[in-house]
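Biologist: Could you take me through this model and the words you use for it? I would like to see each value set against its definition.

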Amino acid sequence: MTLTEKILQKHLVGTDKLPERGKDIAIKIDQTLTQDATGTMAYLQFETIGVERVKTELSVSYIDHNTLQEDFKNMDDHRYLQSVAAKYGIWFSRAGNGICHQVHLERFGAPGKTLLGSDSHTPTGGGIGMIAIGAGGLDVAVAMAGGAFHLNMPKIFGVKLTGALKPGVSAKDVILELLRRETVKGGVGAVYEYFGPGVANLSVPQRATITNMGAELGATCSIFPADKICGDFLKTVGRSECFQEMEADGDADYDKVIEIDLSSLEPLAACPHSPDAGTAVKDLAGKKVNQVVIGSCTNSSPADLTAVAEIVRGKHIAPGVEAGIAPGSRGTLIQIEKSGVLGELIRAGFRILESACGPCIGMGFAPNSEGVSLRTFNRNFKGRSGTADAGIYLVSPETAAAAAVNGFITDPRDFAENLESHSFKTVPFEKDDGMLISPLPPEKAAEVEILRGPNIKPCPAAPELPDSLTLPILLKAGDNVSTDDIMPAGAKVLPLRSNIPEISKFTLERIDAGFYQRAVDAKGCFILGGENYGQGSSREHAALGPMYLGVRAVITKSFARIHKANLINYGIIPLVLENPSVYEKLENNDMIEFSGIRKALQEGTPFVLKRKSDGFTFTAKNDLDQRARDILLAGGRASYTRNGGQ
């Protein structure tokens, strides 16, 4: 068996046998995590379920996204989240403690466990041998209440690693190479499982960088074996007791195998505006850079920041470049302060940002107009940085540091001698839980009053599903539409995450600035999209906003996994064209008659749609499993769950 199959097998609910690929499975969830941009809505939904305490082994609520407090909204959300955590037996990670994925890796993750998070980069936990999956907040709320998590049994792609990385080449280059080969939709419906002799040459932070950006492949998750390297890491962070050695069998059968020789890799950059647009850094060398930002849940470990300090040691950020550092966790910040790395970064001219998501989600530190920004982040979708016309390049910390001191894109292998010098002292990890609040005992929790600010509104209910709809296509979008396109992040929009009527006003504004008003006027509509619709973040607001505005179905060539699940949860029918060429024949404002909906869902037959103007008829696949069809028939996941659905 593969390692993925071994862990899934131990967590099956309702059966003891793994189904064939693509069939529905239900698994028990051991741990959950939420963050404040998705968590408020997740906990509002959790409250409606009516359990007195979370039923997982461990659940953690992190504050790491909405930390820019321009008015009352974000702090009101934080107070709500802290009171909910106290009420229901949830760990609470305060603002300033760090990014959920890095803190969870350090403080809570454990090999062989299942982790479900309301953030698409939850698969970071695969770096220590977890099945760690990103999902919508409603799915996480159900898991916290003891419900199983349903998914299609994934294909399992083996990634065989050989060799070792050379100085100046990093783990970021491994995942950028895989993205270059596989593309942003190559992993839909699959798990990437790493094995081979090269695995032993990668540290846990390096592995976590790779599994983190497996989300950009569209993968369900990614996973490394829990081996001696993993055990040493857990010992370093003071959690040896949770280690268990786990790996695939020697004769494990993968759906396909991809081979990567680490020693043959070179520094790469993902060019604007997609994580799979990989280009050799040497081919971009000399391009002027305006901004460098190092951090995010992908590349902000002590090892990453130490490599940066080695390159900039004794130098200064080039004139005309603004450079920032966002340590991934408070623990990292303490470590780099004690090792001397932090002082070196400050002397070099880096601005030290908060230990939070920050610029990665457009929450401050936006680049200049038409600027070139090198970022060690995981996504470079157009406009995500906060500057619509900026060129965002995804690079390793080493490549970012080299550009910061030179003022232009530079091959970091030019600094190989610096990277081999090891001039900073090794400092042991300091277990400091001062910014973590542990769960209250049940008798104390019962006394807690939940605090709700004026911006916190109930989650609107999905509408009932009729048997027939005649509505216009109100938007025709292209390929690889991201959830950032559907529902933007950033300092202007994120504070409205707990207020669906207000946040819905920003729905699809990056593609069509007039969509909100046209949707209000239409009182119901369809959306047409291309390939890989809904890639990127797990944000269920990209389904909630459209649902609130009356979007009843989304017609595409293909969907990203999490967004498709979120659409179903909120009663929006995801339709995949049986003949993709039909996309070219449909246009904005075409009036579409969609009839026999309930019968098609009940019987599992294809969906039939017709354009009213000329009678042009086309079909969409009914590729939904029985449970997904039942959720849609019930009018969404909340109604389905209230009626006893599992």
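Biologist: What makes you call helix α4 (residues 100–107) mostly covered?

Modeller: Eight of its eight residues are buried. Buried means under 20% relative accessible area, with exposed over 50% and partly exposed in between, using a 1.4 Å probe and protein chains only. Among the buried residues of α4 are C100, V103, L105 and R107. Before we go on: this is a predicted model, where local features need pLDDT of at least 70, side-chain atom pairs count only at pLDDT 80 or more, and totals for chains, interfaces and linings use all residues. Residues are numbered from 1 along each chain as its sequence is written, and side-chain values use heavy atoms, leaving out hydrogens and water.

Biologist: Why is α2 called oblique to α3?

Modeller: The axes of α2 (residues 36–49) and α3 (residues 72–88) come within 10 Å and cross at roughly 45°. That makes α2 oblique to α3, because angles under 35 degrees count as roughly parallel, over 145 as roughly antiparallel, 65 to 115 as roughly perpendicular and the rest as oblique. Axes are lines fitted to C-alpha atoms, for helices over the stretch in contact, and angles run from 0 to 180 degrees between N-to-C directions. Helices here are DSSP runs of H or I with at least four residues, strands are runs of E with at least two, and both are numbered from the N terminus.

Biologist: Which residues of α2 and α3 make the contact?

Modeller: Contact means heavy atoms within 4.5 Å. On α2 the residues include Y43, L44 and F46, and on α3 they include Y80, L81 and V84.

Biologist: And what makes α7 roughly perpendicular to α8?

Modeller: The axes of α7 (residues 204–212) and α8 (residues 228–236) come within 10 Å and cross at roughly 110°. That makes α7 roughly perpendicular to α8. V204, P205 and R207 in α7 meet I229, C230 and F233 in α8.

Biologist: Now the sheet: what makes β6 and β19 its edge strands?

Modeller: The sheet is open, with six strands in the order β6-β5-β2-β3-β4-β19 and mixed pairing. β6 (131–134) and β19 (436–437) each pair on one side only, where pairing requires at least two DSSP bridges between two strands.

Biologist: How many bridges join β2 to β3?

Modeller: Five bridges join β2 (residues 31–35) to β3 (residues 58–62), and these strands run parallel. L33 stands opposite V60 in β3. Helix α3 packs on this sheet too, touching β3, β4 (91–93) and β19.
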